[in-house]
Amino acid sequence: MQSNTKRALIFGIGGQDGSYLARWLIDHGYDVHGTSRTPTNGQNLCRLGVAERVTIHRADVTDRTSVRDVIVGLRPDEIYYLAGQSSVAESFSEPVETFMSHAVGLLYVLEALRLLKHQARVFNASSSEIFGDITEPATEENRIAPCTPYGAAKAASTLLVQAYRSAYGLFACSGIMFNHESPLRPENFVSRRIIHGVIEIAKKRKHKLALAQTAMVRDWGWAPDFVQCMWLMLQQDHPEDYVIATGIGSSLALFAEHAFRYFDLDSKAFVTINPDRARPTDIAMSVGNPARAARQLGWKATIVMPQLVDMLIEAALKEERDKTSGAQGRA
């Protein structure tokens, strides 16, 4: 590695965002390292064609010594904290794990940098869930008022970043990210369930798509766009928190409608409401105002609704074709 090559450490490199970020950083000449609590096959990294170009280290973000050791060993220029239990729904059944992985793990990173006096720049993946219910697009100045365990954990991490930035002068910032999707999303996310369900119905393998509700409004973005914004935040002269969003709100009903329309189907004929799927609390509206990112970073989302839905469907159809051809090739 050349001495002028930047080194990045990604906590949570195997997830959707970590994998796209790894690809972005590699394309920009970085020496990319990531962490995993257990041995991993790097499925997402493999899908993006970068698995052989990253170095994976064993580290558990809930273990202070483990976090410190990987930072001491690598001395990275940039740290991206994307680790943690990623499902809002699962945070109700796993609140301790959610808080430990998002807030306490990040605290271990910040403390390691403070004690080591290492000047790495830190990006923290915050979430729109920190704002709870809102009535208009949220800015960085919105009141923090989470209503889910996931939101509370992300709120704590966001406040920790602000505290360490103010008290110790760390270059640390939070990207307050609204919904962002891709073909790498896990199957338990509603966007993935809708896309999968619509394809099953279009191919006559299923008859109905059950959702907890369809009225909630979300700001749906494209994950590769969002990782570009993460990187831009760490290239600035001064650290600051930014809302990362498209600024466009669409209901779950409209998301499903676009997906069915791709196959010339009417969503009203297939969508059913199943209250048993509902969370104990949920947010009616979550839309972001990315004006600060546009003004100061020159960043703007390139993929928005309904193009986003079309891209997710086309990726899912291609994945299905590839699996079918692979199975036939092995037969």
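Which helices, α7 or α11 among them, each supply at least two residues of the lining of the second largest pocket? Both do: select α7 (190–202) and α11 (307–330) to see them. Keep in mind as you click around that this is a predicted model.

**Stop one: the pocket.** Stay with those helices for a moment. The second largest pocket holds about 400 Å³ of space. Its lining counts 18 residues, and if you want the ones nearest the centre, pick Glu187, Arg192, His196, Ala316 and Glu319. α7 gives the largest share of that lining, seven residues. Colour the lining by residue type and you get nine charged, six nonpolar and three polar.

**Stop two: the core.** Now select Ile10, Leu25, Val32, Tyr80 and Trp299, which touch the most other members of the largest nonpolar core, a set of 37 residues. Elements giving two or more residues to this core include β1 (7–11), α1 (16–27), β5 (121–127) and α10 (291–297). For the largest share, go to α8, with eight residues.

Zoom in on Trp299 next. Leaving aside residues up to four places away in sequence, Trp299 touches Asp225, Phe226, Gln228, Cys229, Leu232, Ile244, Ala245, Pro290, Ala293 and Ala294.

**Stop three: Val109.** Head over to helix α5 (residues 95–116) and pick out Val109. With a relative accessible area of 0%, Val109 is under the 20% cut-off and so counts as buried. Show its surroundings: beyond residues up to four places away in sequence, Val109 touches Phe11, Val67, Ile71, Ile79 and Tyr81. Finish with a distance label from Val109 to Val122: they sit 13 residues apart along the chain, and their C-alpha atoms are separated by 8.8 Å.

Conventions
Residues are numbered from 1 along each chain as its sequence is written. This is a predicted model: local features need pLDDT of at least 70, side-chain atom pairs count only at pLDDT 80 or more; totals for chains, interfaces and linings use all residues. Side-chain values use heavy atoms; hydrogens and water are left out. A nonpolar core is a set of buried Ala, Val, Leu, Ile, Met, Phe, Trp, Tyr and Cys residues joined through side-chain atoms within 4.5 Å. Buried means under 20% relative accessible area, exposed over 50%, partly exposed in between (1.4 Å probe, protein chains only). Helices (H or I, at least four residues) and strands (E, at least two) are DSSP runs, numbered from the N terminus. Contact means heavy atoms within 4.5 Å. On a 1 Å grid over the protein atoms alone, a cavity is a set of points where a 1.4 Å probe fits but cannot get out, and a pocket is an open set with protein on both sides within 12 Å along at least five of seven lines; lining residues have an atom within 4 Å of a point. Grid points are joined across faces, edges and corners, and a volume is the space filled by probe spheres set on the points. Ala, Val, Leu, Ile, Met, Phe, Trp, Tyr, Cys and Pro count as nonpolar, Asp, Glu, Lys and Arg as charged, and the others, Gly among them, as polar.
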